[in-house]
Amino acid sequence: MLRLQARFRASARTRVISTALPVSAESERLVRKNLPAPFAVRAIYLKHVRHLSYPTPLTSCAIIRGQAERFPVPKELYAMKVLFIGGTGIISAACTRLAIERGIDLYLLNRGSRETGVPGAHHLQADIKNQAETARALSGHTFDAVVNFIAFTPEDVERDIALFQNRTRQYLFISSASVYQKPSTHYLITESTPLANPLWKYSRDKIACEERLMRAYREEGFPFTTVRPSLTYGETIIPLAVGTWNRPWTIVDRMRRGGKVIIPGDGSSLWTITHNTDFAKGLVGLLGHQQAIGHAFHITSDEVLTWDQIYQAVADAAGAELRPVHIASDFLVACFPEMEGGLLGDKSVSVVFDNTKIKRFVPDFVATVPFAQGIRRSLAYLKSDPARQQVDEDSNRRWDAVIEAYEAGREQAVQRLRTA
Ligand SMILES: NC(=O)c1ccc[n+]([C@@H]2O[C@H](COP(=O)([O-])OP(=O)(O)OC[C@H]3O[C@@H](n4cnc5c(N)ncnc54)[C@H](OP(=O)(O)O)[C@@H]3O)[C@@H](O)[C@H]2O)c1
């Protein structure tokens with residue numbers, strides 16, 4: 001913490017503004033202009049917290065005849081102004097909630113097809129793929145930070161560099177921890193683990209985005225920060241290696257009916273699943289963080305589980321008995337080629353994330369939601385509304401077919417070896 005920067009004598013007609021945010025000259029001018037009569041501002045107290053970019057107290061302090069009096073200062077007068085492209089998705093919704101809670105003046109740009117009118121956020125409606133529409137929606141705005149949650153290709157990033165070059169002091173690109181070397185040569189992943197994933201185009205595209213941004217930073221000073229989430233879930237998701245992202249109830253329903261579930265490998269590879277409320281603490285802590293420019297961070301839980309433990313936690317939360325069938329990932333990919341990236345290029349490979357870097361830059365970052373607890377929240381959310389309990393019958397049929405074929409093949413192998 002820096003020391004208070006202004007010393008002065010308070011008088012009956014003096015108000016002292018104390019915030020935990022760096023106050024820009026423009027904000028200071030607005031604060032002075034907007035304070036109600038008869039008080040005049042004699043000084044703006046800057047309580048500058050070096051690593052925290054958000055205001056903790058949302059009150060200001062007036063000293064009147066020696067007595068401290070608290071009063072609210074309108075957020076737009078001093079808060080960081082931040083844009084989220086997306087903001088209502090699986091990862092971003094939790095970041096939205098936390099940013100608002102921490103007093104950020106938040107704008108969400110999306111098509112408005114999900115939860116519109118997030119309380120406390122301004123909504124800009126546009127399809128980011130429509131550059132003219134987006135430019136219209138952003139007209140007149142500049143930001144302290146912009147986070148694009150939905151950039152996937154170098155073309156998306158090229159568009160963002162053009163859109164935001166002189167419009168933001170920081171641009172955060174949401175990449176993916178699947179960019180790290182596959183298969184990995186070391187189980188412990190740091191931000192300097194090589195980026196190479198020959199097994200998943202999604203990851204190669206994210207790597208190309210990161211590289212384009214680094215070039216823009218080097219050549220044009222484009223102020224980017226890269227954030228790499230690994231498997232991250234919120235209450236709307238049951239995050240499993242073989243499951244259904246869009247109809248998460250499918251696997252719960254299957255377990256509750258006593259059905260067998262597929263676990264890749266022998267269930268003992270190590271994986272980390274992060275709750276979106278934990279991810280949000282790291283991401284929001286990076287907003288406006290001047291030292292984070294040009295850097296990449298992953299943000300994950302420190303909890304490391306085996307896939308068997310993860311599936312067991314889901315079964316426990318569902319009140320069901322776990323009936324696992326362990327099938328080698330390459331067998332699964334031979335049956336379902338579309339799973340290659342998500343399995344061989346991601347979830348079947350043991351990874352343990354070293355989160356030292358995000359903790360160094362955002363010292364209050366700590367992941368606090370164990371998977372067994374977070375997944376109960378997801379179950380409660382899904383159970384509370386029948387409309388959330390849709391089942392993907394096609395996936396069920398395909399899983400049944402592969403389990404049947406695998407078990408029949410195993411039985412045949414056993415018989416053949418007995419008679420050999
Ligand atoms: N979840 C994970 O495990 C994981 C792991 C690694 C990386 N990631 C990365 O995390 C990001 C996903 O973030 P998320 O979970 O918040 O996303 P999400 O659940 O896919 O939500 C997408 C958000 O973007 C908006 N949106 C979608 N298409 C749009 C368009 N054309 N124009 C404007 N807005 C649009 C959506 O609102 P509307 O529909 O109303 O427009 C919504 O707010 C991706 O970059 C992904 O690669 C996720």
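# Report on a predicted protein model

Leaving aside neighbours within four places in sequence, Val-82 is in contact with Ala-99, Ile-104, Leu-106, Phe-143, Asp-144, Ala-145 and Leu-287. Two residues are in contact if their C-beta atoms, placed from the backbone, lie within 7 Å. A second, separate core of 44 residues includes Tyr-233, Ile-237, Ala-241 and Trp-307. A nonpolar core is a set of buried Ala, Val, Leu, Ile, Met, Phe, Trp, Tyr and Cys residues joined through C-beta atoms within 7 Å. The largest nonpolar core has 49 residues, and those that touch the most other members are Val-82, Phe-84, Cys-95 and Phe-173.

The model is predicted: local features need pLDDT of at least 70, side-chain atom pairs count only at pLDDT 80 or more, and totals for chains, interfaces and linings use all residues. Residues are numbered from 1 along each chain as its sequence is written.

## Overall make-up

The protein has 13 helices and 19 strands. Helices (H or I, at least four residues) and strands (E, at least two) are DSSP runs, numbered from the N terminus. Of its 420 residues, 41% count as buried. A residue is buried if 20 or more other C-beta atoms lie within 10 Å of its own, exposed if 12 or fewer, and partly exposed in between; C-beta atoms are placed from the backbone. Among contacts in the protein with a separation of 6 or more, 75% come from residues 24 or more positions apart.

## The sheet and strand E5

Seven strands form an open sheet with parallel pairing, in the order E7-E6-E5-E8-E9-E11-E16. At the edges are strand E7 (122-125) and strand E16 (296-299), each of which pairs on one side only. From one strand to the next, the twist averages 20°. Two strands pair if DSSP finds at least two bridges between them. Strands of a sheet pair through backbone hydrogen bonds, either parallel or antiparallel.

Strand E5 (residues 81-85) pairs with strand E6 (residues 105-110) in the parallel sense over five bridges. In this pairing, Phe-84 stands opposite Leu-108, and Ile-85 stands opposite Leu-109. Five of the five residues of E5 are buried, so the strand is largely enclosed by the rest of the structure. Lys-81, Leu-83 and Ile-85 point one way from E5, while Val-82 and Phe-84 point the other way.

Helix H2 covers residues 92-101, and eight of its ten residues are buried, so the helix is largely enclosed by the rest of the structure. The buried residues include Ser-92, Cys-95 and Arg-97. Their cover includes E5, E6 and helix H7 (276-286). Just after H2, Gly-103 takes a positive phi of about 85°.

Gly-86 lies in the loop between E5 and H2. Is this glycine buried or exposed? Gly-86 counts as buried because 23 C-beta neighbours lie inside 10 Å. Not counting residues up to four places away in sequence, Gly-86 touches Ser-92, Asn-110, Phe-149 and Ile-150.

The ligand is surrounded by 23 residues, and the closest are Gly-86, Gly-89, Ile-90, Ser-92 and Arg-111. A residue belongs to these surroundings if its C-beta atom, placed from the backbone, lies within 6 Å of the molecule. By class, the shell has eight nonpolar, eleven polar and four charged residues. Ala, Val, Leu, Ile, Met, Phe, Trp, Tyr, Cys and Pro count as nonpolar, Asp, Glu, Lys and Arg as charged, and the others, Gly among them, as polar.

A cis peptide bond joins Lys-182 and Pro-183, with omega of about -15°. Pro-183 is placed in the loop between strand E9 (171-174) and strand E10 (188-189). Pro-183 counts as exposed because it has 12 C-beta neighbours inside 10 Å. Trp-399 lies in helix H13 (residues 393-419). Trp-399 is buried, with 23 other C-beta atoms within 10 Å.

## Pairs of residues apart in sequence

| Pair | Apart in sequence | C-alpha to C-alpha distance |
|---|---|---|
| Gly-86 and Gly-112 | 26 residues | 9.3 Å |
| Pro-183 and Ser-350 | 167 residues | 9.2 Å |
| Trp-399 and Phe-336 | 63 residues | 10.0 Å |

Definitions and conventions
Axes fitted to C-alpha atoms, helices over the stretch in contact; angles between N-to-C directions.
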